[in-house]
Amino acid sequence: MTASLDILSITVYNDQEKRIEPFYLYSFRLSRLVTEMPVIRALTKAAKQALLTPGCRCRTAVTAVRTISVSPRQVTSDASFHSVSFSETDHPKVLITGGLGQLGVGLAKILRKRFGNNNVILSDIRKPPSHVFHSGPFIYSDILDYKNLREIVVNNRITWLVHYSAVLSAVGEANVQLAREVNITGLHNILDIAAEHGLRLFVPSTIGAFGPTSPRDPTPDLCVQRPRTIYGVSKVHAELMGEYYHHRYGLDFRCLRYPGIISADSQPGGGTTDYAVAIFHDASKNGKFECNLKPGTRLPMMYIDDCLRATLEVMEAPTEQLRMRTYNINAMSFSPEELAAEVKKQIPDFQITYNIDHIRQAIADSWPMNFDDGNARNDWGWKHDYDLPELVTTMLNFIGSDSRLAHAN
Ligand SMILES: NC(=O)C1=CN([C@@H]2O[C@H](COP(=O)(O)OP(=O)(O)OC[C@H]3O[C@@H](n4cnc5c(N)ncnc54)[C@H](O)[C@@H]3O)[C@@H](O)[C@H]2O)C=CC1
Ligand SMILES: CC(=O)[C@H](N)C(=O)O
């Protein structure tokens, strides 16, 4: 018998036969009910201990309830979803939204290596370049189209969702409406679909989720968050909404606050830290760079390989290791002048000049200077590999060792 996804409900009744608290858990196909009975019995026992006060003559009832299509949009106020996936042992089926940006293609590469090419679907609203299109499954997906997104998740039996779609800091300040739509309304669609289908959901946050009244050096996981950009406000909203859906509906929400990410083979999407990518291309190409931030503007930064590995590691971390659902991750902090000095070690005649972008400068001045990521290191073993010297060597080698040699002579 192949049943569709069913909710197995464990409901507790007190001695007046009044229902105390529905305790739901997503099950699996009923055809596997027999093999999973020991788990069900353990969960029922846990439910009794969790919900029943000692000496109470309450009883529990376990019933299989077929879902039609329960979404938090329609869920009754007293429901609580605690999805327990019994298919953990199988490979996840991953959907990456906003996958054609600076980070998505690289993430797809490492996830496909880990889980198999056809288990990772890249999506975006833009046309993929041919090498991306031919490297694995790609699908058009606009996160503002709730119905289409839901169909993609159902038709492809998605179990993990990595939500990369966003409008970044500087672009967002130039188009607040668009940033609000994509970063907030789009996120709501993602949360509802993830909760409805019991997905494991990763949503990245950012150093931009902090503001001028946050401690800046270092910035801990938990502190005042009053960002002054629509990007930062929308990311704090994502953190809070993701954690609410986790506690209210049992959504397996995981979130990392990324520093400025630096990559050689992909372009940034219009943020405040973009200078730290452009400098390498300009240094390699013509030995000079015009920087749009002040020389002493220090920001937390990270090489893309560390970022994507952290994302996979936190997604694979056993739930019991996650004392929190939103973590800072850190690798290094540097200013433009410190970065230029490191580049000069490899390209001695490299010259940096400054032409300040006052919008980006104001944003950078409100952001953390240093990130405290002690919780990520303690809870799930986070450790970065790339510090500033390794970053510069890797970036310059990747972008063009030949042009580096030409400048050095
Ligand atoms: N790159 C970085 O330095 C950092 C990135 N992050 C976060 O990581 C995620 C990925 O970042 P990047 O790849 O750098 O972003 P990006 O700006 O390079 O790419 C974002 C992608 O979202 C897509 N998108 C826009 N509107 C969409 C819609 N309605 N539906 C579907 N897709 C849509 C765009 O086409 C684009 O390909 C974002 O959420 C960002 O906030 C956080 C901190 C640092
Ligand atoms: C740090 C980020 O979130 C992004 N690179 C931006 O500068 O907007």
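Hi everyone, this is a short tour of the two ligands in this structure and the residues around them. Keep in mind that we are looking at a predicted model.

Let me begin with the annotation. An unreviewed UniProt entry lists residues 94-329 as "domain: NAD-dependent epimerase/dehydratase".

Now, ligand 1. It has 26 residues around it, and those that come nearest are Gln102, Asp124, Arg126, Tyr231 and Ile261. By class, that shell holds 13 nonpolar, 9 polar and 4 charged residues. Have a look at the oxygen atoms of ligand 1: a polar side-chain atom of Arg126 lies 2.7 Å from one, the side chain of Tyr231 places a polar atom 2.8 Å from one, and for Lys235 the distance is 2.9 Å. Taken alone, ligand 1 exposes 830 Å², and the protein buries 93% of that.

Where does ligand 1 sit? In the second largest pocket. The elements giving two or more residues to its shell are β10 (205-206), α7 (230-249) and β12 (260-262).

On to ligand 2. The space it takes is the second largest pocket. Among the residues around it are Leu168, Ser169, Tyr231 and Trp367. Its shell has 4 nonpolar, 6 polar and no charged residues.

Which contacts can we point to here? The side chain of Tyr231 has an N or O atom 2.6 Å from an oxygen of ligand 2, and a polar backbone atom of Thr272 is 2.6 Å from an oxygen of this ligand. Thr273 brings a polar side-chain atom 2.9 Å from a nitrogen of ligand 2. On its own, ligand 2 exposes 250 Å², of which the protein buries 93%.

Key: Residues are numbered from 1 along each chain as its sequence is written. Chains are lettered from A and ligands numbered from 1 in the order in which they are written. This is a predicted model: local features need pLDDT of at least 70, side-chain atom pairs count only at pLDDT 80 or more; totals for chains, interfaces and linings use all residues. Side-chain values use heavy atoms; hydrogens and water are left out. UniProt positions are given in the numbering used here, feature names are shortened, and annotations may be inferred rather than shown by experiment. A residue is near a molecule or strand if one of its heavy atoms lies within 4 Å of it. A polar contact is a pair of N or O atoms within 3.5 Å; within protein, one must be able to donate a hydrogen and the other to accept it, and residues adjacent in sequence count only if both atoms are side-chain atoms. Accessible areas come from the Shrake-Rupley method with a 1.4 Å probe; for residues, only the protein chains shown count as cover. On a 1 Å grid over the protein atoms alone, a cavity is a set of points where a 1.4 Å probe fits but cannot get out, and a pocket is an open set with protein on both sides within 12 Å along at least five of seven lines; lining residues have an atom within 4 Å of a point. A molecule sits in a cavity or pocket if more than half of its atoms lie within 2 Å of its grid points. Ala, Val, Leu, Ile, Met, Phe, Trp, Tyr, Cys and Pro count as nonpolar, Asp, Glu, Lys and Arg as charged, and the others, Gly among them, as polar. Helices (H or I, at least four residues) and strands (E, at least two) are DSSP runs, numbered from the N terminus.
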